[in-house]
Amino acid sequence: MSGLPSATRDWLTGPGLTRLWEGVRKRLESNGVQATGSLRLTAMNAQERNDLSLLLGKPLTGAAVTIRLDVLDARLRASAAGLGLRQTLEELGPPLTDRRAARADLTARREQVWSSLASALDASPLTDQEWLRQWYDLLRRAGVPRGVAPEAAIWTLQQAVQVLIALLGPERGGPLGRGELAAMVTGSAHGLDDGTWLARLVQRGVALAHGTEFPEDAAGRRALWRLVSVTPDEVSSTVLTYGLRPDGEGWRERALRERAEHHAEAHVTPRDLHGLRLQLPAGTLIHICENPRVVEAAADAACVQPLVCTSGSAATVVFTLLDALAATGCRFTYHGDFDWPGIALANRVIRRYDAVPWRMGTADYEHLAARSQAEDIPQLALDGQPVNADWDPDLAPAMIALGVALHEEATLELLVDDLSRQT
């Protein structure tokens, strides 16, 4: 039940005192919830002057007034409210927050994160290793990621220490899968997945321990795991290919050539790429597409040109394969979707491999758009933020003007025709 009489509450919550209570609440929450200091109100209207005059027990005639909070506290206690300033505010609104105490508590909890980590490192068998102090200093400078509570940070840092002991300590065992290691330490096989804070913490430690740079890409991170005999998942992600005929007599090379001879697509994993000798004749032209349907159609038509599919956004394994092909002197040509994500991906591939656009010009887009309209094919609206095409400054304006998105399937028969020609 309210500690304020009903009539008193109604008067105190009137519009004439609204700004007063808002200002007083902010002041108390910032000064330890103490009725000390003062508050100044300016540009007061007639209603506010009248209500404040009644509340303070003195006439106010100007447009501004300075109110001492201890005086206001005493007036409330002596009034029909019968409560002090803090109690009155909590009757009129939510409980007050002692922001000064909250900040001090948060600071103490944050400090506990690092003191807890220091204690764990001092007690670990790694304590004498020089890189460990560098790791601690680096993490402390970087701080805890936004949104991670101090208690969660302590737990994650403790897990990171456990992983580093398992990988770099005197009793480290044999090779482990990353999921297996994660399950041992965190209870989840995904605890050390790429992108997690725990994985980054461990990778920082491993890089420092081995005197290497922290990797910026997935391939580098996998190589870092292998330095400490941890095998990342190298079988679940694949790159879809067609018609690759690498030299060499290894079973992987022979398997790719055999699938190419039978006009069958091939899914290549990162694990395959470790043991695959991707040596093609210098100058071999590799066609790159975005959608798996192009590969399927090329296989159905027994096309003769080699093809690599990004399958949308292009996972790391796609670029690993293309990098390996580029290292052998292969050339590239690229086709993708005529939508903004498609243009962004095309820019990325064309820049990285100096690839030639493949039926990706303004004339190609306008022809396909006109044909689809003439054939009464439902139009797919072009949504999102426009992206300029590096290879054709007129393409983005043309796409904006027509407002139609076209996926690779709209070009399918033309692409298959290109892939069927002997060079």
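Helix H6 (residues 99-122) packs against helix H7 (130-142) at an angle of about 170 degrees, with the two axes 11 Å apart. Welcome to a short tour of a predicted model, in which local features need pLDDT of at least 70, side-chain atom pairs count only at pLDDT 80 or more, and totals for chains, interfaces and linings use all residues. Residues are numbered from 1 along each chain as its sequence is written, and side-chain values use heavy atoms, with hydrogens and water left out.

**Helix packing**

Two packed helices are described by the angle between their axes and the distance between the axes. Here, axes are lines fitted to C-alpha atoms, for helices over the stretch in contact, and angles run from 0 to 180 degrees between N-to-C directions. Helices (H or I, at least four residues) and strands (E, at least two) are DSSP runs, numbered from the N terminus.

- H6 and H7 are roughly antiparallel to each other (angles under 35 degrees count as roughly parallel, over 145 as roughly antiparallel, 65 to 115 as roughly perpendicular and the rest as oblique).
- On the H6 side, Glu 111, Trp 114, Leu 117, Ala 118 and Leu 121 meet Leu 132, Trp 135, Tyr 136, Leu 139 and Arg 140 of H7, where contact means heavy atoms within 4.5 Å.
- Sorted by class, the contact of H6 with H7 has 8 nonpolar, no polar and 2 charged residues (Ala, Val, Leu, Ile, Met, Phe, Trp, Tyr, Cys and Pro count as nonpolar, Asp, Glu, Lys and Arg as charged, and the others, Gly among them, as polar).
- Helix H10 (residues 197-209) and helix H11 (residues 218-227) pack at about 65 degrees, their axes 10 Å apart, which makes H10 roughly perpendicular to H11.
- The H10 and H11 crossing is left-handed; a crossing is left-handed if the near helix is turned anticlockwise from the far one by less than a right angle, and right-handed if clockwise.
- Val 202, Gln 203, Val 206 and Ala 207 of H10 meet Arg 221, Leu 224 and Trp 225 of H11, and this contact has 5 nonpolar, 1 polar and 1 charged residues.
- Helix H2 (residues 18-30) and helix H4 (residues 69-78) have axes that come within 12 Å and cross at roughly 120 degrees, and the crossing of H2 and H4 is left-handed.
- In H2, Leu 20, Trp 21, Val 24, Arg 27 and Leu 28 meet Leu 69, Leu 72 and Leu 76 in H4, a contact with 7 nonpolar, no polar and 1 charged residues.

**Cysteines**

- How many disulfides does the structure hold? The count is 0, with a disulfide taken as a pair of cysteine sulfur atoms within 2.5 Å.
- Cys 303 is in no disulfide, and the nearest cysteine sulfur, that of Cys 289, is 11 Å away.
- Cys 303 is buried, with a relative accessible area of 2% (buried means under 20% relative accessible area, exposed over 50%, partly exposed in between, with a 1.4 Å probe and protein chains only).
- The sulfur of Cys 330 lies 16 Å from the closest cysteine sulfur, in Cys 289, which is too far for a bond.
- Cys 330 counts as buried too, at 8% relative accessibility.

**Positive phi in loops**

Most residues other than glycine have a negative phi.

- Ala 43 has a positive phi, near 50 degrees, and sits in the loop between strand S1 (38-41) and helix H3 (46-56).
- At 65% relative accessibility, Ala 43 counts as exposed.
- Asp 376 also has a positive phi, near 60 degrees, in the loop between helix H17 (362-374) and strand S11 (380-381).
- Asp 376 is exposed, with a relative accessible area of 68%.

- Not counting residues up to four places away in sequence, Val 33 touches Leu 28, Arg 86, Leu 96, Thr 97 and Asp 98.
- Val 33 and Ala 152 are 119 residues apart in sequence and 29 Å apart in space, C-alpha to C-alpha.
- Ala 149, in the loop between H7 and helix H8 (150-168), is partly exposed at 35% relative accessible area.
- From C-alpha to C-alpha, Ala 149 and Pro 94 are 24 Å apart in space and 55 residues apart in sequence.
- Pro 397 lies in helix H18 (residues 395-402) and counts as partly exposed, at 44% relative accessibility.
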